[in-house]
Amino acid sequence: QQMAEARGHTLRVALVGNPNCGKTSLFNVASGSKEHVGNYAGVTVDAKEGTFNFVRPSTGERYTIVLVDLPGTYSLSAYSAEERYVRSQLIEQTPDVVVNVVDASNLERNLYLTTQLIDMNLRMVVALNMYDEVRANADLLDHHQLSILLGTPMVPTVSRSGEGIAELFEQVIDVYEYKSDVARHIHVNHGAELERSIDRIKEVIQKNGQIRHKYSTRYLAIKLLEGDAEYNAFLDTLKNHDELVSARYEEQQRIHRELSVGAEEALIDAKYGFIHGALQEAGYMQGEEKDTYQVTKVLDKIITNKFIGFPLFFLILYVMFEVTFTLG
Ligand code: GDP
Ligand code: MG
């Protein structure tokens, strides 16, 4: 709270989530299109920043919120420009609070990114967006129970209509001011073998006293065990580099022996297992799934038919050719 006061109640909030979960809609409805929106120059991937005032309904206190709309990612590994960009924003710019936007009608897949954010030990609130669809599908979910299990406040939102947005930012401020009764640091449990490896690597990393200020050492340990390319380079800058490399090698070999899969795959599986367990404990059940892909299914049947498929494909190519060269 003192920090917020010193900075005139200004806080930086970053929106992180999968593509198409409604981040930009949330950004627009929260910041209002009339507010200043600037695109960052010099980045290859798209990010927007907007500032708006938020008056806390319960107390009337005013806050200035700088909202950053980050590109959509399914994960925080180092495989794509988006992933690397989001990751560097989270570590270098350190937003005060992260809003993890989740497509609540597709929870299992969306929560994967959430478990990675938990690894990073960031202050976070989850927006269970598209909650209108959850209601329409009659999915069952005790979201309060889920938020306790994940140590992260969760607020149902519909960013198309603005429903739940004020409540979301109240939670953001609660987390920022350490007033949330749900927010706590949890560890995603990856199972005994992986946790043993993580602990060992973490201990070796912790011999470098200075890096704890910037990184969660648990997060770094997980990334090294995964074999993350970007952190390999970082590893070279550490003084006990050799010791780390051999500890990691031994643990990767051990995981391979014990679990018969590579460490990266084992960590992914473990995270999905954790999500599955948490959802079960929160009474999650997908309701009557109204098939939103009916049209797609009909089209697929025709287009991928073994007799019609190829002739149709060449017909479309021919039409495109004619349109381009004859009509064009
Ligand atoms: P982004 O890729 O995360 O930035 O997602 P967008 O904000 O571009 O939204 C993707 C699509 O989902 C758009 O067609 C939105 O209109 C739609 N959408 C966003 N929020 C909601 C919501 O709460 N409910 C529903 N039903 N649709 C939404
Ligand atoms: Mg977007």
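Predicted model: local features only at pLDDT ≥ 70, side-chain atom pairs only at ≥ 80, totals over all residues.
Visitor: How far is the side chain of serine 25 from an oxygen atom of ligand 1?
Guide: An N or O atom in that serine 25 side chain sits 2.6 Å from a ligand 1 oxygen.

Visitor: And what about arginine 160 and glycine 22?
Guide: Arginine 160 has a polar side-chain atom 3.1 Å from an oxygen atom of ligand 1. With glycine 22 it is a polar backbone atom, 3.0 Å from an oxygen of the ligand.

Visitor: Switching to helices: at what angle do α6 and α12 pack?
Guide: Helix α6 (residues 143–150) and helix α12 (residues 263–281) pack at about 140 degrees, their axes being 8 Å apart. That angle makes α6 oblique to α12.

Visitor: Which residues meet there, and of what class?
Guide: From α6, Gln145, Leu146, Leu149 and Leu150 meet Phe274, Ala278, Leu279 and Glu281 of α12. By class, this contact has 6 nonpolar, 1 polar and 1 charged residues.

Visitor: Now α9 and α11, how do they cross?
Guide: The axes of α9 (residues 217–226) and α11 (residues 241–259) come within 9 Å and cross at roughly 65 degrees, so the two helices are roughly perpendicular to each other. Their crossing is right-handed.

Visitor: Which residues are in that contact?
Guide: Leu224, Leu225 and Glu226 in α9 meet Leu244, Arg248, Glu251 and Gln252 in α11. Sorted by class, the α9 contact with α11 has 3 nonpolar, 1 polar and 3 charged residues.

Key:
Residues numbered from 1 in each chain as written. Chains lettered and ligands numbered in written order. Heavy atoms only, no water. Axes fitted to C-alpha atoms, helices over the stretch in contact; angles between N-to-C directions. Helix = DSSP H or I, 4+ residues; strand = E, 2+ residues; numbered from the N terminus. Parallel < 35°, antiparallel > 145°, perpendicular 65-115°, else oblique. Contact = heavy atoms within 4.5 Å. Nonpolar A, V, L, I, M, F, W, Y, C, P; charged D, E, K, R; others polar. Polar contact = N/O pair within 3.5 Å; in protein donor to acceptor, adjacent residues only side chain to side chain. Left-handed = near helix turned anticlockwise from the far one by under 90°.
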